[in-house]
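Subject: Structure handover

Hello,

I am passing the structure on to you, with notes on what turned up in it. Please read the notes with the model open.

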Amino acid sequence: GTRQGVLALRGLESLLSRDPKRLASELGKVVAAHPDDASAAALLIQSHLRARNVGAALALAHAGLERTPDDPRALYTVGRVLQLGGMLEGAKRYFVRVLERAPDDLRASSGIEQLARGYLAKEPKRTLALYEELLALRPTSPYVRNNYGFILRDLVTPHTNVGHGALQRIKPGAPPEVRKMLERCVAVYAEAAALIDPKDDGSREEFEAWNLAGIVNDYGLILHYFLDVQDAELAEQQYLRALRMTDHGFKDTYSPNMQRLYSTVLTDRTWTWYRLAREAQDAILLEARDEQGRLRLAPDERKREAARQDMLATRARILQTLEMDAGEDGLPWPPGKETGNDR
């Protein structure tokens, strides 16, 4: 069976791992005898690439594509070989062809993102153009939008001054495209958040909920910290949603984001802040590794303690306000049975 064939090939690969020429020669015989065996061809392509023999790898990838001209996997393989051989424009064309047939192909999507990031240092305009093209090819992916938003934010940040509460404003004299990039960043995050269906917010698997809450949180962050596009109420809605999606656990939403929003921007939210701090003190998580090196979510004791202190401070402020109000209104303090609330 196919599984036995793959295992035999893997055995051959480990046996001859120190003799790449002989491995290529033996795999070549297998491929010649079984031209339709995609796994043998894939191993031979890898072996050619390891030996820096891009020409031979490319010929083999093209031969596979001739046999199945519309197969996304065969198209991706040609693109990947071109990418590893430094032929980036060619690679991009093949990745685009994959996504035109299979818009959810993560490898081709990731291939285009790698190409885009490769241009970032020297040709950021090419990075942005590639991402715009990728958004059109993957209209339903919140993750691609999140990654693009992050890049736009990174390009804007060097052109901002940071002030009280970590709020940022575009520097006077910054190039006009900085403002455009910031507005595009907001739009892209808005699209990403809109693609995350709120009706599933309470029922996702933990890590999916965590990843998607990260996108919603980051949309809130753009609307909160960047004064040129600030919409504090909309930012608050995103933060509250990120907390709902993760049972109040998402790492940065409560601390520092909501703490800063409520202490420096929306300063009339004492009651909301109190309720959130009360939940967060038992809920905030961080990403950690277990003994096997697997990612898991663990209590963030430092942030939980900070939330507990906020809970005590906001509770004290609320009580102080109530006491002052009672004094002004001539009502008993603390309230007792004579208030009529015991009925």
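R269 and D268 form a salt bridge, with their closest N and O atoms 2.9 Å apart; the term means a side-chain nitrogen of Lys or Arg within 4 Å of a carboxyl oxygen of Asp or Glu. This is a predicted model, in which local features need pLDDT of at least 70 and side-chain atom pairs count only at pLDDT 80 or more, while totals for chains, interfaces and linings use all residues. Residues are numbered from 1 along each chain as its sequence is written, and side-chain values use heavy atoms, leaving out hydrogens and water.

The two partners sit in unlike surroundings. R269 has a relative accessible area of 18% and is therefore buried, whereas D268, at 58%, counts as exposed. Here buried means under 20% relative accessible area and exposed over 50%, with partly exposed in between, for a 1.4 Å probe and protein chains only.

R269 also meets the side chain of E236 in a salt bridge, at 2.9 Å from N to O. E236 is buried, as is R269. R269 is in the loop between helix 13 and helix 14 and E236 is in helix 12, so this pair ties together parts that are 33 residues apart in sequence. Helices (H or I, at least four residues) and strands (E, at least two) are DSSP runs numbered from the N terminus.

Salt bridges elsewhere

The whole structure holds 18 salt bridges. Some of them join up: E132, R145, R184 and E191 are linked in a network. Another salt bridge brings together the side chains of R294 and D290, at 3.2 Å from N to O. D290 counts as buried because its relative accessibility is 17%.

What about a buried charge that has no salt bridge? D310, in helix 15, is buried and has none; R317, the nearest side chain of opposite charge, is 7.6 Å away. Lys and Arg count as positive and Asp and Glu as negative, with His and the chain ends not counted. Beyond its neighbours within four places in sequence, D310 is in contact with Y254, Q259, W273 and A277, where contact means heavy atoms within 4.5 Å.

The buried residues of helix 13 are T253, Y254, S255, N257, M258, Q259, L261 and Y262. Their cover includes helix 11 (206-225), helix 12 (232-245), helix 14 (270-280) and helix 15 (301-329).

T253 belongs to helix 13 and counts as buried because its relative accessibility is 0%. With neighbours within four places in sequence set aside, T253 is in contact with N217, Y239, A242, L243 and M258.

L240 lies in helix 12 and, at 24% relative accessibility, counts as partly exposed. L240 and G220 are 20 residues apart in sequence, and their C-alpha atoms are 9.3 Å apart in space.

Nonpolar cores

Which residues have the most contacts inside the largest nonpolar core? They are I112, I222 and Y254, in a core of 62 residues. Helix 10 (residues 176-194) gives the most to this core, with eight residues. A second, separate core of twelve residues includes I196, L212, L285 and L297. A nonpolar core is a set of buried Ala, Val, Leu, Ile, Met, Phe, Trp, Tyr and Cys residues joined through side-chain atoms within 4.5 Å. Apart from neighbours within four places in sequence, I112 is in contact with F95, V96, L99, L130, L134 and L137.

Strands 3 and 4

Strand 3 (residues 285-289) pairs with strand 4 (residues 295-299) in the antiparallel sense over five bridges; two strands pair if DSSP finds at least two bridges between them. The bridge partner of A288 in strand 4 is R296. The two strands form a hairpin with five residues between them, and G293 in the turn has a positive phi of about 85°.

The whole chain

The secondary structure comes to 15 helices and four strands. Of the 343 residues, 43% count as buried. Among contacts with a separation of 6 or more, 56% are between residues 24 or more positions apart.

Regards
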